[in-house]
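This briefing covers the aromatic pairs and the ligand site of the structure shown below. The terms come with their cut-offs.

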Amino acid sequence: MVSMATPVLLLLHDPSRSTGFTAADPALPVASALDLGITRGDGIFETITVIDGIPQALDAHLTRLERSAALLELPAPHLAAWREAVFAAIDAHDDAPESFIKLLYSRGIEGTDEPTGWVYMQPSGDFSAERTEGIAVVLLDRGYHSTIAETSPWLLQGAKTLSYAINRAAAREAHRRGADDVIFVSTDGYLLEGPTATVVLKLDDRFVTPDTHLGILPGTTQESIFEIAVVNGYRTAYEKLTPADLLRADAAWLVSSVRNAAPIRSVDGVPRSIDAELTESINSGLASRTS
Ligand code: PLP
């Protein structure tokens with residue numbers, strides 16, 4: 001059951017230089033209509049799960065915020081300011097079994113050279129059906145070659161930008177095709193990522209994920225799953241994977257903060273098995289992270 005806890009919103013005073021924030025009412029308009037995050041989607045974000053008051057994989061999310069900022073040539077975020085805002089949001093938020101915090105960092109109001117930063121926290125939705133019954137995915141051509149990050153860095157593949165209109169359009173295409181989610185494929189035939197998730201396969205005794213050099217986001221949830229896998233005696237690898245690997249894998253998941261591991265039960269309408277027991281143990285491992 002989703003808690004009705006009120007969202008918490010904090011506006012950072014100076015997100016690239018100093019700590020400090022102001023609490024604001026998320027029901028009231030607080031952003032400038034001239035903010036480049038709004039007018040051009042020119043900014044970055046992170047979404048962090050909070051379980052029992054603990055922001056999961058916070059360091060990995062802050063590191064990725066810094067990396068995305070560098071890719072967009074934004075001023076480096078002042079990580080202590082963001083960390084302070086995360087814990088202040090958690091303190092101000094009502095208890096909920098699972099919540100999430102979004103960190104948003106934009107280029108700011110045009111002409112000011114002052115980035116804007118804000119943080120909000122609210123209860124997560126209920127993902128129990130996806131986690132247990134699994135999801136149907138479709139493969140969609142991303143229209144990019146697997147070398148895109150090297151050949152065309154201006155396309156910002158691998159940065160978590162605010163420009164998610166394409167990701168939302170892909171999700172709508174999946175729904176039109178009767179599926180729940182998407183795995184993008186490169187023009188040369190390699191599995192990339194979902195619009196909001198990383199692909200993880202279990203191939204024999206190995207957990208494998210697409211190589212992050214293929215112009216995809218390095219996933220914090222995938223990283224935690226690999227740590228859990230190693231503790232449980234599995235090997236892990238980053239590789240170039242194909243749709244054939246997805247079909248032959250013993251188990252396959254789309255993994256992300258908030259939803260955690262959602263087992264894939266069909267690909268383009270072709271059923272594939274899910275491993276309910278292993279999925280349950282991965283998801284409880286994720287839920288019991290202490291940092
Ligand atoms: N890939 C993309 C494009 C995403 O947007 C996300 C998360 O939103 C992920 C992968 C998974 O990342 P994480 O596990 O850090 O949430």
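Rings of Phe, Tyr and Trp (its six-membered ring) pair if their centres lie within 6.5 Å; planes under 30 degrees apart count as stacked, over 60 as edge-to-face and the rest as tilted. By this criterion the whole structure holds six aromatic pairs. The model is predicted: local features need pLDDT of at least 70 and side-chain atom pairs pLDDT 80 or more, while totals for chains, interfaces and linings use all residues. Residues are numbered from 1 along each chain as its sequence is written, and side-chain values use heavy atoms, without hydrogens and water.

**Aromatic pair**
- Phe-207 and Trp-253 are stacked, with 5.6 Å centre to centre and 5° between the planes.
- This pair links distant parts of the chain, 46 residues apart: Phe-207 is in strand 10 (residues 206-210) and Trp-253 in strand 12.
- Helices (H or I, at least four residues) and strands (E, at least two) are DSSP runs, numbered from the N terminus.

**Ligand contacts**
- The ligand is surrounded by 17 residues (a heavy atom within 4 Å); the closest are Lys-160, Tyr-164, Thr-220, Thr-221 and Ser-257.
- Polar contacts are pairs of N or O atoms within 3.5 Å.
- Oxygen atoms of the ligand lie 2.6 Å from a polar side-chain atom of Lys-160, 2.6 Å from a side-chain N or O atom of Thr-220 and 2.7 Å from one of Ser-257.
- Helix 2 (58-71), helix 7 (220-231) and strand 12 (251-256) each give two or more residues to the shell around the ligand.

Note on methods
A polar contact is a pair of N or O atoms within 3.5 Å; within protein, one must be able to donate a hydrogen and the other to accept it, and residues adjacent in sequence count only if both atoms are side-chain atoms.
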